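Here is a short report for a reader new to this structure. Look at the model first, then follow the text along the chain.

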Amino acid sequence: MEPKWSNIICKRVLLTGFTLCVVLGTRPSRAIDIHADPEVMMQNGTAGTLRCTFKSSHLVNNATTVTWSFQSSQPDNQFSNAPYTIFYFANGRGFPGQAEFKDRLRFIGDIHKRDVSIQLYPAQFSDNGTFFCDVKNPPDVTGTPARTELRVVVKESLPQSNTTIIAGAVSGALLLLVLVAVVACVVMRSLHSRHEYEGCTSLESASSPAPKPGKKAESSLEVSRSTGPSGPLQGPVIYAQLDHSGSKHSFHKMEPVVYADIRKN
């Protein structure tokens, strides 16, 4: 009985070990992550890029496939009912789908870098709608396709990019600085010219000869004569020495004596 039980136990142990090896050695497939721009705006008649990238836990190989589909947002469009395949990529080659996009789609990504973007040229108003990007990288085959809403508009409707706004702000600031520098230069030149003029005026005033006292006295005398009363004019005052005591040691005193009145004829 003991050998029989031993054989049964050994078989169960071996079976359990084999099951564990299978479970541990086999990794379940994971969902693939696909990313795309939620919304893209293109100018009518120009080239635009529809970007799409993916993340996978497995290396990219020949079995990796990419599918781009399109569903129009216009009710009268032939692609408005359901998504239609417009581009297919497999084994390193691209295969255009519908004739509407056959000559206008180009694969510009690098599948080994997880980039499966395409270029649309020229963009048309009939391209308004939803573009779907789906990637399969076996064994990662489960994932939700990424979707991008495309809006084809005229040039005037395109929003200005941050680069354009920054360039305009920088240009405006530089223009303002140049204007301030020019104004400052003009003001400084004006002040410098005024200072030189004032210096020349002061120098001329300092170098001009002063009026002679005699002439000034004559001018004052003439003014006093012209503005004085018209009565008789007193003659010049002459000082004479008069002896009042007649003695030898008498004190000689200077007294003013008016000799005559001088009148002008």
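Strand β6 (residues 84-90) and strand β7 pair in the antiparallel sense, over 4 bridges. Tyr88 stands opposite Phe95 in β7. Strands here are DSSP runs of E with at least two residues, and helices are runs of H or I with at least four residues, both numbered from the N terminus. Two strands count as paired if DSSP finds at least two bridges between them.

This is a predicted model, in which local features need pLDDT of at least 70 and side-chain atom pairs count only at pLDDT 80 or more, while totals for chains, interfaces and linings use all residues. Residues are numbered from 1 along each chain as its sequence is written, and side-chain values use heavy atoms, with hydrogens and water left out.

**Sheets**

Strands β6 and β7 belong to an open sheet of 6 strands, in the order β2-β11-β10-β5-β6-β7. The pairing in this sheet is mixed. Its edge strands are β2 (39-43) and β7 (93-96), and each pairs on one side only. The twist averages 20 degrees from one strand to the next. Axes for such angles are lines fitted to C-alpha atoms, for helices over the stretch in contact, and angles run from 0 to 180 degrees between N-to-C directions.

A further open sheet has 3 strands in the order β3-β9-β8, with antiparallel pairing. Strands β3 (48-50) and β8 (105-107) stand at the edges with a single partner strand each, so one side of each is left without a neighbour in the sheet. Neighbouring strands of this sheet are turned by 30 degrees against each other on average, direction ignored. Strand β3 is joined to β9 (residues 118-120) by 3 bridges. Gly48 has Leu120 as its bridge partner in β9.

Strand β1 (residues 33-36) pairs with β4 over 4 antiparallel bridges. Ile34 stands opposite Phe54 in β4. Strand β4 (residues 52-55) has two faces: Cys52 and Phe54 are covered, whereas Thr53 and Lys55 are uncovered.

**Salt bridges**

How many salt bridges does a search of the whole structure find? It finds 4. A salt bridge is a side-chain nitrogen of Lys or Arg within 4 Å of a carboxyl oxygen of Asp or Glu. The table lists some of them.

| Pair | N to O distance |
|---|---|
| Asp127 and Arg104 | 2.8 Å |
| Lys136 and Asp134 | 3.8 Å |
| Glu149 and Arg147 | 3.6 Å |

Asp127 and Arg104 link distant parts of the chain, 23 residues apart. Asp127 sits in the loop between β9 and β10, and Arg104 in the loop between α2 (99-102) and β8. Both are buried. Buried means under 20% relative accessible area, exposed means over 50%, and partly exposed lies in between (1.4 Å probe, protein chains only).

Asp134 is buried at 18% relative accessibility, while Lys136 is partly exposed at 27%. Glu149 is partly exposed at 31%, and so is Arg147 at 49%.

**A buried loop residue**

Asn128 lies in the loop between β9 and β10 (129-136). Is Asn128 buried or exposed? Asn128 is buried, because its relative accessible area is 13%.
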